[in-house]
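Colleague: I am new to this one and would like a guided look. Could we go through it together, a piece at a time?

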Amino acid sequence: MSDKPNKHKSTTKSLLNNTVDSNVFEICNGFSSIYQSSDIRIEDVNNEEDSILLYARSTRTDAVCPYCGNKSHQVHSRYIRKIHDLSILGKEVLLLLELRKFFCKNIECNKKTFAEQPGNEVFRYRRRTRRLELSIIRNGLLLSSLNASKLLSYNGIKLSSSTILRNLHRITPSNYTDVEKIGVDDWAWRKGVSYGTIIIDLLRRHPIDILGDREEDSFRRWIKCHENVGLVSRDRSTEYSSAITSIRRNIIEIADKFHLIKNVQDRIGKLISTHYAEYRNKVREKESKETFPVNHVTETIPNTKVYKKETIVDQRMIMFREVKELQQKGFKSFAISNKLGIARQTATKYCGMEELPERNSKFRNNYSLYDQHVEEGVAKRIALRTLYTEICGMGFKGSLTPFYDHYRYLSDGHRGFRSKSFKASEKVVEDRSGLIPIKQISAIIDKSIRKKSISKFENGIINILSEFDWFRQMYDASKKFYNIITGNNTNELIKWMKEYWHTKVQTLKTFIIGIKRDYQAVKNTIRYNITNGITEGFVNKLKVVKRSMYGKAGLKLLKIKMVVQHSIFN
Ligand SMILES: [Zn+2]
């Protein structure tokens, strides 16, 4: 065999004695076969306290020059490479690979010598086998590099978090230039401050790109590079849509179903909250007819005379008075909270109070003064956070969180603050009064619009509300709209718009104006059965990935984690 030390130029002696114990040799050979790495033979194993050392050599007698492709048999020298491999039984594995340098005898080659590169696991200049690097990348993609480093070290692979990062950064995600149908949505770097864009391949069902902003320009540049794109499912934003229009290609735009329905629901909630007092009076009227035919309940309570009827405009005050009434009737706070559908803490708190204290902020924030400004701003894609600063300059006194909550209906549902939604199915107590908080009403209406079954009590709530013109119109319109959007008749949409065009309900009117502006895309929603649900899912995943990197992630790493994960794990 030619792997005997070169007589003339040997810089390293062969690691092993040539007289290997035959017993050891057999074990090693057996080992070598499970340790699959073509062209490499394990010749000895040394089991140390915290690591396993594998002594190995190439099985080939010759090597091919990587510079010119010439085969060579003439050994120049030997040296040892230390290469880390996947651990065995939790122990670190170190491959001590005795490699040879060969002379290149090709006169035209500009190299005199070259080193052999046996097998397909060990690459030039690398200190780790390919499978180990893949394992490191898998861990790095799923976890933060710090956590990955910890987890790997328990499995006998010791490396630092920055090594993991370096491995990740070496990956170049594919460009996916052949993509045809995409879903696009925005996500928040920092809520209300800066945003990015995520692009999903709707056929392969995985993310293919992440952009650092949600501007028209960057999306236009992206779509120009992807010439096969023929269908874009997007949210209702104008930026993406004008980017698509500006490149003058025949691209089908689809407005996303999820956002359309979400928008209607938020508008119903807002409508009810502005008319809450009317709803309350109706409920009480009904109850007094049933149980107290002569006297209205509120008149028997001295405390309530403090408040004039006109001042009872907000839900909080109404609830306070309801609690007081029930308390006078002898109900305990637990029963009151059940009856009214409010939190027990609130019921207990109100029971202990004589009068409802002012809100922490002394001013009732007059949102209606700023509605127009904010709505226009959102249409221009100005971040809610920026708009908040602007209206504060105009004299708005409220704080940020209620501001986000109030304008939630403008923000596509997932931007801005989202209050905990109340599950209508939770603890339905049939014998409570018809007066329940807005969140609960919204949840019930949501169920009803989506044609899920509702209980008798819930049906009663809708019946009470249906006595108001404003509600009936909005409710019927929403129901029809839901049917149209989930159905397959595009002609119904224009009929629906005409039917409600002259509505007196302002929020419904602005919704229809929005639909009109985006008519083609909304129509396509009905025609093509495509939802952005998968895109929304990946936005959620992106949030998790972003947070797992402790806010230190750059765009490049975020993109690798989101885009490469799919191809590495499938
Ligand atoms: Zn050569």
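**A first walk through the model**

Modeller: Let us begin with S241, which is found in helix α6, residues 238-246. Please bear in mind that this is a predicted model.

Colleague: Is S241 buried or exposed?

Modeller: S241 is buried, because its relative accessible area is 16% and the cut-off for buried is under 20%.

Colleague: And what does S241 touch, not counting residues up to four places away in sequence?

Modeller: With those sequence neighbours set aside, S241 touches R234 and E253.

Colleague: Let me step back. How many helices and strands does the chain have?

Modeller: There are 22 helices and 12 strands in the chain. Of its 570 residues, 48% are buried. Among contacts with a separation of 6 or more, 62% are between residues 24 or more positions apart.

Colleague: I noticed a metal. Which residues coordinate the zinc ion?

Modeller: The zinc ion is held by the SG atoms of C65, C68, C104 and C109, at 2.3 to 2.4 Å. Along the sequence, these donor residues follow the spacing C-x2-C-x35-C-x4-C.

Colleague: Where do C65 and C109 sit in the chain?

Modeller: C65 is in the loop between β3 (63-64) and β4 (71-72), and C109 is in the loop between β6 (91-103) and β7 (113-115). The pair is 44 residues apart and links distant parts of the chain.

Colleague: Are those two cysteines, C65 and C109, buried or exposed?

Modeller: C65 is buried, with a relative accessible area of 2%. C109 is buried too, at 7%.

Colleague: Why is the arrangement around the zinc ion tetrahedral?

Modeller: The four donor atoms subtend angles of 98 to 121° at the zinc ion, so the arrangement is tetrahedral. The rule requires all angles to lie between 85 and 135 degrees. For comparison, the ideal angle for four tetrahedral donors is 109.5 degrees.

Colleague: Next topic. Where is V122?

Modeller: V122 is in the loop between β7 and α2 (130-142). V122 is buried, with a relative accessible area of 4%.

Colleague: What is V122 in contact with, leaving aside neighbours within four places in sequence?

Modeller: V122 is then in contact with I40, R81, I83, L97 and T129. As for I83, it lies 39 residues from V122 along the chain, and their C-alpha atoms are separated by 8.0 Å.

Colleague: What about strand β12, where I252 is?

Modeller: Strand β12 spans residues 252-255 and includes I252. At 25% relative accessibility, I252 counts as partly exposed. Beyond four places in sequence, I252 touches G230, L231, V232, N524 and Y528. The C-alpha atoms of I252 and Q520 are 9.0 Å apart, although the two residues are 268 apart along the chain.

Colleague: N524 came up there. Which residues of helix α20 are buried?

Modeller: Helix α20 covers residues 519-527, and its buried residues are A521, V522, K523, N524, T525 and I526. These buried residues pack against β11 (231-234), β12, α7 (257-274), α17 (469-486), α18 (491-500) and α19 (506-517).

Colleague: And D186, is it buried or exposed?

Modeller: D186 counts as buried, at 0% relative accessibility. D186 lies in strand β8, residues 181-190. D186 and T535 are 349 residues apart in sequence, with a C-alpha to C-alpha distance of 9.5 Å.

Colleague: Let us finish with helix pairs. At what angle do α4 and α22 cross?

Modeller: The axes of α4 (residues 161-169) and α22 (residues 555-569) come within 10 Å and cross at roughly 75°. The two helices are therefore roughly perpendicular to each other. In this pair, L165, L168 and H169 of α4 meet K556, L557, I560 and K561 of α22. By class, the contact of α4 with α22 has four nonpolar, one polar and two charged residues.

Colleague: How do α15 and α16 cross?

Modeller: The axes of α15 (residues 438-449) and α16 (residues 456-465) come within 10 Å and cross at roughly 100°. α15 and α16 are therefore roughly perpendicular to each other. I441, I444, I445, K447 and S448 of α15 make the contact with E458, I461, I462 and L465 of α16. By class, six nonpolar, one polar and two charged residues form the contact of α15 with α16.

How values were computed: Residues numbered from 1 in each chain as written. Predicted model: local features only at pLDDT ≥ 70, side-chain atom pairs only at ≥ 80, totals over all residues. Heavy atoms only, no water. Axes fitted to C-alpha atoms, helices over the stretch in contact; angles between N-to-C directions. Helix = DSSP H or I, 4+ residues; strand = E, 2+ residues; numbered from the N terminus. Parallel < 35°, antiparallel > 145°, perpendicular 65-115°, else oblique. Contact = heavy atoms within 4.5 Å. Nonpolar A, V, L, I, M, F, W, Y, C, P; charged D, E, K, R; others polar. Donors = N, O, S within 2.8 Å, 3.2 Å for Na, K, Ca; no water. Tetrahedral: all angles 85-135°; square planar, octahedral: opposite > 155°, others 65-115°. Buried < 20%, exposed > 50% of the residue type's maximum accessible area, 1.4 Å probe, protein only.
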